[in-house]
Each structure stands twice: as C-alpha cells, then as structure tokens.
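Open the model in your viewer and keep the selection tool at hand. The stops below say what to pick next and what is there.

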Amino acid sequence: MAMIGRRNFGSEEPSIEDISTIDTPDKLLEYAHKNNIETSPLDVYGLAKVLGITVRDNIFEEDKKGLSGVLYKESKTDNWIILVNQHHHPNRRRYTIAHELGHWCLHQHQKSLFEDEIFFRGGQPEKPEWQANDFASEILMPENDFLEKIGNGITRVEDLAIEFQVSTIALRIRAKKLGMRGHGL
Ligand SMILES: [Zn+2]
C-alpha cells in the first residue's frame, strides 16, 4: 500500500541541496522522497518539518472559523510558520498546509505574510491564490499517482478522496484539471 503511486525519481536527477531552489510541485515531492517523507498520501506535516517550517494547529479562536490558514515569517527568528485552523476537518487542514507550502515555494520572496480564508469560492481568485491552489492539488494528488489509482480500479470520487486524504471537492477539481470524465468525476 505504501508503495502504490510512489514516484520513481531517476538517479540522474540533480539532488536538491538548497531548499530555496524548490519552486515546483515536482521538486518539492522529489525533496520529500529524498527525505523519506511519505508521499502517498503526502505527509504534509513531516514535509513542512524537514523544510524547517513550524506548523501550529491549535491557535485559532472560535471567531476565526473563516480563516483556513496563515503563513508568515517570524521577524525575530526568520523562521517560517504555518498556522492551521484546528476547527477544520483534518483533510481540509492538510489542504491548507499544502496551499501554504505552495506560497512558501512560489511567493516567499514577495511577501512575508499570507492569510487564507476559503479556498474554493466562486469567481476568479487572484493569481498567487490559484497558483497556490494548483500547487497544493499537485503535491497532494500527483498526476501519475492519480492515474495509477484509477488504473488499479479505484475510480469513485469518495474512494479516491480517502486514498489522497483530501475533500471530495478538492478531488473533483483535480480530476477536472486532469481532464477526467465519468465515474462520477
Ligand atoms: Zn493563499
């Protein structure tokens, strides 16, 4: 089970020594793989930890239920921190962390504070937000993993969502992006 969908990274690929060069989902997954972080389903907590990012998920007051997560650089230590709303379902928290990891990889040189509310609202989100959403989807549900699971007969939305430990809405959005049809996708 743990081996299903695990990426097969060729030994000819350059190794990532400097984490500041991680700017794509593939590079982040490669880094996870090399650091023995489970990638199927992705251990987002373990991955944040090896990147030196602290995840705290017990700080949101009741009145902050609309906030999904925050990524910020602590000024006195220069450490990056991810705050996750503990009132949310574990799968949603996983997505939040993945989204913040997307901001960390793609946008950390542009800002040092990211505050996120609802991810899948209607309308056209701003570019950094859809970029972070796409990044999150791609690390939580890599294309080859997705196709492999379907090839193995796991085709129901609910079952795939359980496999990837994501919400069914996140699963459907990813399936659509991958051009999937049928199976209730
Ligand atoms: Zn965001």
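Select Glu-117. Leaving out residues up to four places away in sequence, Glu-117 touches Gly-66, Leu-67 and Ser-68. Contact here requires C-beta atoms, placed from the backbone, within 7 Å.

Two notes on the file before moving on. This is a predicted model: local features need pLDDT of at least 70, side-chain atom pairs count only at pLDDT 80 or more, and totals for chains, interfaces and linings use all residues. Residues are numbered from 1 along each chain as its sequence is written.

Stay on Glu-117. Its place is the loop between β4 (113–116) and α4. Helices (H or I, at least four residues) and strands (E, at least two) are DSSP runs, numbered from the N terminus. Is Glu-117 buried or exposed? Glu-117 counts as exposed because it has 12 C-beta neighbours inside 10 Å. The cut-offs: buried means 20 or more other C-beta atoms within 10 Å, exposed means 12 or fewer, and partly exposed is in between. Thr-96 and Glu-117 are 21 residues apart in sequence, and their C-alpha atoms are 9.6 Å apart in space.

Zoom out and colour by secondary structure. The chain has 7 helices and 4 strands. Trace them from the N terminus: α-α-β-β-β-α-β-α-α-α-α. Of the 185 residues in the chain, 32% are buried. Among contacts with a separation of 6 or more, 65% join residues 24 or more positions apart.

Next, the core. Select Ile-97, Ala-98, Leu-101, Ile-139 and Leu-140: these have the most contacts inside the largest nonpolar core, which has 36 residues. Such a core is a set of buried Ala, Val, Leu, Ile, Met, Phe, Trp, Tyr and Cys residues joined through C-beta atoms within 7 Å. Elements supplying at least two residues each include α1 (25–34), β2 (69–73), β3 (80–84) and α4 (127–140). Which element gives the most? That is α3, with 6 residues.

Beyond its neighbours within four places in sequence, Leu-140 is in contact with Leu-42, Arg-94, Tyr-95, Ala-98, Phe-164 and Val-166.

Last stop: α6 and α7. Their axes are 9 Å apart and the packing angle is about 100 degrees. Therefore α6 is roughly perpendicular to α7, a label covering 65 to 115 degrees. Axes are lines fitted to C-alpha atoms, for helices over the stretch in contact, and angles run from 0 to 180 degrees between N-to-C directions. Show Val-157, Glu-158, Leu-160, Ala-161 and Phe-164 of α6 with Thr-168, Leu-171 and Arg-172 of α7; these make the contact.

Technical notes:
Contact = placed C-beta atoms within 7 Å. Parallel < 35°, antiparallel > 145°, perpendicular 65-115°, else oblique.
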